[in-house]
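Open the structure in your viewer and keep the selection tool ready. Each stop below says what to select and what is there.

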Amino acid sequence: EIAAGRDVLISATTGSGKTLAAFLICLDPLVRLARADALPAETSVVYVSPLKALSNDVHRNLEVPLAEIAALAREKGIPLAPIRTAVRTGDTPARERQLMTREPPHILVTTPESLFILLTAAKPRAMLRNTRTVIVDEIHAIADDKRGSHLTLTLARLDALTQSAAGVKPQRIGLSATVRPIEAVADYLSPGASIIDTGHRREMDLSIEVPNDELGAVATSEMWAEIYDRLARHIHEQRTTLVFVNTRRMSERVAHALAERLGENAVLPHHGSLSRTLRFDAEAKLKAGELRAVVATASLELGIDIGTVDLVIQIGSTRSVAVALQRIGRSGHWVGAKPKGILIPTTRDELVECAALVHAIRSGDLERIVIPENAIDILAQQIVAETAADDWREDDLYSMARSALGPLVIPGQPW
């Protein structure tokens, strides 16, 4: 479907190779052009990830196969022009941003917010004028809020830019792990997009562990001490464990308590407020097997390659079946593996929610995703950005915005 040039949504279980499927087909024409010494100095593929950490992970995982392709070409005596990749997120240093505009990467890895900024500045816009493919990873994580509305308009602006330069819109490839109804997300990606759905059900080893003390409306200090001891025992029994919590403050607190029980160099926190250096350090050590555990928020929830994780522990309720599947799927993150997850409720309400989550997962149920409508604030922000970046006729600007908001606008209502 991708090779045929269609817009495509791929939905498959965690760890099944969705990102690889999208990138392989995009690398093929780049390698062919590089072999013919006809590779233009322009960005051909834009990969959009909802997380900065995921963006950097994909960049690392692209460099390895590209280096292997180059090595194979040298071994066979085949001239191969270098294929450049680059990351543009809020973490990217100013020097790398400037280099990117002087020497455009063939593959750009970025976030929705950074792509919005790139489309508003003159030099980055020139870099993106001949984009052929846009890959939107973990699309389910953004489609159901205004961040998704914002990205939809950003992609419409990119379409308008490439159409004015090359006369064609970039092909869109969406990647999603767990989503329902999948048709709504396919229309969000691109009306009429082809759907490749391998299902979301996967055999899992799930359990709920309740503290010995009676659960109440809130957890006591004594109960937290018991939970920390229980976590430490589980972590001792595994090579690597990923502990999920729901707030950044809780991540720091639980990591500190576990470090007291397991040693300072055995556990690290991971969340969005940490510096780039600290986040990279935690990810690298976990992947290398140098940590016994990482205590994370949603920052490690999506498809980041963090190596072999034996066990996922969720403290409290995820409040979402899809999020629970995503987090537990971090363990056994390879084809054929059986993820193992433990839910530890800290209150009576969380116990009921955790029981409902396990029941839903075993029944194959998922929440229905609801895509926002009429995001006028997002529309206003994007119109200001686009008119600052380029000159528009009013009717053309309306048509461009309408192309993005078409599926999201309530029929018969002005906006």
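**Stop 1**

Select glutamate 113 and arginine 147. They form a salt bridge, with the closest N and O atoms 2.7 Å apart. A salt bridge here is a side-chain nitrogen of Lys or Arg within 4 Å of a carboxyl oxygen of Asp or Glu. The pair links distant parts of the chain: glutamate 113 sits in helix 4 (residues 112–118) and arginine 147 in helix 6 (residues 146–166), 34 residues apart. Helices (H or I, at least four residues) and strands (E, at least two) are DSSP runs, numbered from the N terminus.

Glutamate 113 is partly exposed, with a relative accessible area of 37%. Arginine 147 is partly exposed too, at 28%. Buried means under 20% relative accessible area, exposed over 50%, and partly exposed in between (1.4 Å probe, protein chains only).

Before moving on, note how to read this tour. This is a predicted model: local features need pLDDT of at least 70, side-chain atom pairs count only at pLDDT 80 or more, and totals for chains, interfaces and linings use all residues. Residues are numbered from 1 along each chain as its sequence is written, and side-chain values use heavy atoms, with hydrogens and water left out.

**Stop 2**

Aspartate 377 belongs to helix 13 (residues 376–389) and lysine 146 to helix 6, so the pair ties together parts that are 231 residues apart in sequence. Both residues are partly exposed: aspartate 377 at 44%, lysine 146 at 42%.

Now go to helix 1 (residues 18–35). Select aspartate 28 and arginine 32. This salt bridge has its closest N and O atoms 3.0 Å apart. How far apart in helical turns are aspartate 28 and arginine 32? About one turn, because they are four residues apart in helix 1. Aspartate 28 is partly exposed at 36%, whereas arginine 32 is exposed at 57%.

Next, select Arg125, Arg157, Glu386 and Asp390. Salt bridges link them in a network. The count for the model comes to 15 salt bridges.

**Stop 3**

Seven of them form an open sheet in the order 3-4-2-5-6-1-7, with parallel pairing. Two strands pair if DSSP finds at least two bridges between them. Find the edges: strand 3 (85–88) and strand 7 each pair on one side only. On average, neighbouring strands are turned by 15° against each other, direction ignored.

Select strand 1 and strand 6. They run parallel and are joined by four bridges. Serine 11 stands opposite serine 176 in strand 6. Contact means heavy atoms within 4.5 Å. Axes are lines fitted to C-alpha atoms, for helices over the stretch in contact, and angles run from 0 to 180 degrees between N-to-C directions. Helix 6 lies across strand 2, strand 5 and strand 6, at about 170° to strand 5.

**Stop 1: helix 7**

Select helix 7 (residues 182–189). Which of its residues are buried? Ile182, Val185, Ala186, Tyr188 and Leu189 are. They cover an arc of only 160° around the axis, which puts them on the same side of helix 7. The arc is that of the directions from the helix axis to the C-beta atoms. Their cover includes strand 1 (8–11), strand 5 (133–136) and helix 6.

**Stop 5**

Select strand 9 (residues 241–244) and strand 12 (residues 311–315). Four bridges pair them in the parallel sense. Phenylalanine 244 has glutamine 314 in strand 12 as its bridge partner.

**Last stop: arginine 362**

Select arginine 362 in helix 12 (residues 348–363). Arginine 362 is exposed, at 54% relative accessible area. A polar atom of its side chain lies 3.1 Å from the backbone oxygen of leucine 206.

How values were computed. Polar contact = N/O pair within 3.5 Å; in protein donor to acceptor, adjacent residues only side chain to side chain.
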